[in-house]
Amino acid sequence: MKHSMFFLLASLLLAFPSTGTELPHLKFNGFLRFNYNYSDWKEGSKKRGGDFGYDLFKLGVAGSYKKILLDVDFRFYAKPSGGAMLKSGWIGYKFNARHQLQAGLTRVPFGIQPYGAHNYFFQIAYYLGLEDDSDMGIKYLYAGDRWEYAFAFFKNSEEELFGSDSETAGDRYSYDVAGRNKEVNQFNGQAFYKWGDETRQKIGASAEFGMLYNLDTEKNGTHYAFAVHHELYWKGLSLKTQISTYAMYPKNKPGESRDIVTMTAFNAPYEVAAKANIYSVSAGYTIPFSKGIVNSIQFYNDFGWMQKWDKSFHDSFQNVTGCLITAGPVLCYVDYAQGLHQPWFGPDWNAFGAGTGSNAWHARFNISLGYYF
């Protein structure tokens, strides 16, 4: 059904009639990626020497008609990881070069934009729903010479099932609250101040407040998040730092823990501590090349720490060391990702919750090879 709807939409856009002299402009983009990974906590992976296979295919559309904008990012993962899904898709209005309005499945203005890390796996905040997240709503953006800011209202996260008792579906790209709670009526605000020419810097703050509707009690709990962040770019150096805090207060039925919530993406729900602080430092350095097929190599190290408020829980950590090799349209990430109580880099899938499983660091060696167009 998703495939059919997407191609129907693409066909309609291509056939869109013009009532004036100006025609709609459409530009397609995307990539095809393959992935090799070796996980030291998986016996099968160790015995086989890792695995190499399909990662994803993305098809994007950027469109404009006079002051009306369109942006679509549709992705095709393997079926066990959610299959076909809309990462983001919105219709916008460009008032002028600085002011813009977007409506639909649009990026949540929270934290460093667009990403707080340099590596293939993003920062630890991504796995907690606070990086590269898109929700259903309306967003206003302003981009000036010194100041940038955004304000948004999101009715809910990506919604596919509209029944009274329907849980949040797992075939999604970004992490959202799931299980018996649903994110609703969320407000976001974000502001940046930027300066410098040879040495460029950007400092900002983000705030988020919303409700958590419980399907059992039919009551609204609350959630909030705040962040301060700084970026520095000097010649080939890139340095990104961020401090965040979040808290979720679900109105679960009696007897159910309110210290843990369920979050989901890629058809793989897991437990997450309801309250935590997040600290991240991401450093990268790019070396350009003038000869050969390689244009540049960026070396980086990105560190993230999830400090849980509940002192009986174990904190979660991740550190990714690697490089990004760019050769024209081909991008290759080579990463050595380590995790402690990190479900994607270790054997304990609910490690972002209590983190009471393996108390050892684990590692995943990963190579992502993609052709971008």
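A residue counts as exposed when its relative accessible area is over 50%, and as buried when that area is under 20%. The model described here is predicted. By this criterion Lys 66, at 55% relative accessibility, is exposed.

**Backbone geometry**

Lys 66 is found in the loop between strand S2 and strand S3, the latter covering residues 68-77. Although Lys 66 is not a glycine, its phi is positive, at about 55°. A second residue of this kind is His 341, a non-glycine residue with a positive phi near 55°. His 341 lies in the loop between strand S18 (330-340) and strand S19 (362-372). At 5% relative accessibility, His 341 falls under the 20% limit and therefore counts as buried. Most residues other than glycine have a negative phi, and most peptide bonds are trans. Pro 114 is placed in the loop between strand S5 (99-107) and strand S6 (134-143).

**Accessibility of selected residues**

| Residue | Relative accessibility | Class |
|---|---|---|
| Leu 86 | 34% | partly exposed |
| Tyr 54 | 41% | partly exposed |
| Lys 66 | 55% | exposed |
| His 341 | 5% | buried |

Leu 32, Phe 34, Phe 52 and Tyr 54 make a nonpolar surface patch of about 400 Å². At least two residues of the patch come from each of strand S1 (25-39) and strand S2 (51-65). Tyr 54 belongs to strand S2, and its 41% relative accessibility places Tyr 54 in the partly exposed class.

Leu 86 is located in strand S4, which spans residues 84-94. With neighbours within four places in sequence left aside, Leu 86 is in contact with Val 72, Asp 73, Phe 74 and Leu 105. The C-alpha atom of Leu 86 is separated by 30 Å from that of Thr 217, a residue 131 positions away along the chain.

**Nonpolar core**

In soluble globular proteins, nonpolar side chains tend to be buried together. The largest nonpolar core of this model has 46 residues. Those with the most contacts inside the core are Tyr 127, Tyr 175, Tyr 246, Phe 266, Val 272, Met 306 and Phe 352. Which residues does Tyr 175 touch, not counting those up to four places away in sequence? They are Tyr 126, Tyr 127, Gly 129, Asp 133, Met 263, Thr 264, Ala 265, Phe 266, Tyr 270 and Trp 344.

Notes
Residues are numbered from 1 along each chain as its sequence is written. This is a predicted model: local features need pLDDT of at least 70, side-chain atom pairs count only at pLDDT 80 or more; totals for chains, interfaces and linings use all residues. Side-chain values use heavy atoms; hydrogens and water are left out. A nonpolar core is a set of buried Ala, Val, Leu, Ile, Met, Phe, Trp, Tyr and Cys residues joined through side-chain atoms within 4.5 Å. Buried means under 20% relative accessible area, exposed over 50%, partly exposed in between (1.4 Å probe, protein chains only). Contact means heavy atoms within 4.5 Å. Helices (H or I, at least four residues) and strands (E, at least two) are DSSP runs, numbered from the N terminus. Patches are made of residues with over 30% relative accessible area and no salt bridge: like charges are joined within 9 Å, nonpolar side chains (Val, Leu, Ile, Met, Phe, Trp, Tyr) within 5 Å. Accessible areas come from the Shrake-Rupley method with a 1.4 Å probe; for residues, only the protein chains shown count as cover. A salt bridge is a side-chain nitrogen of Lys or Arg within 4 Å of a carboxyl oxygen of Asp or Glu.
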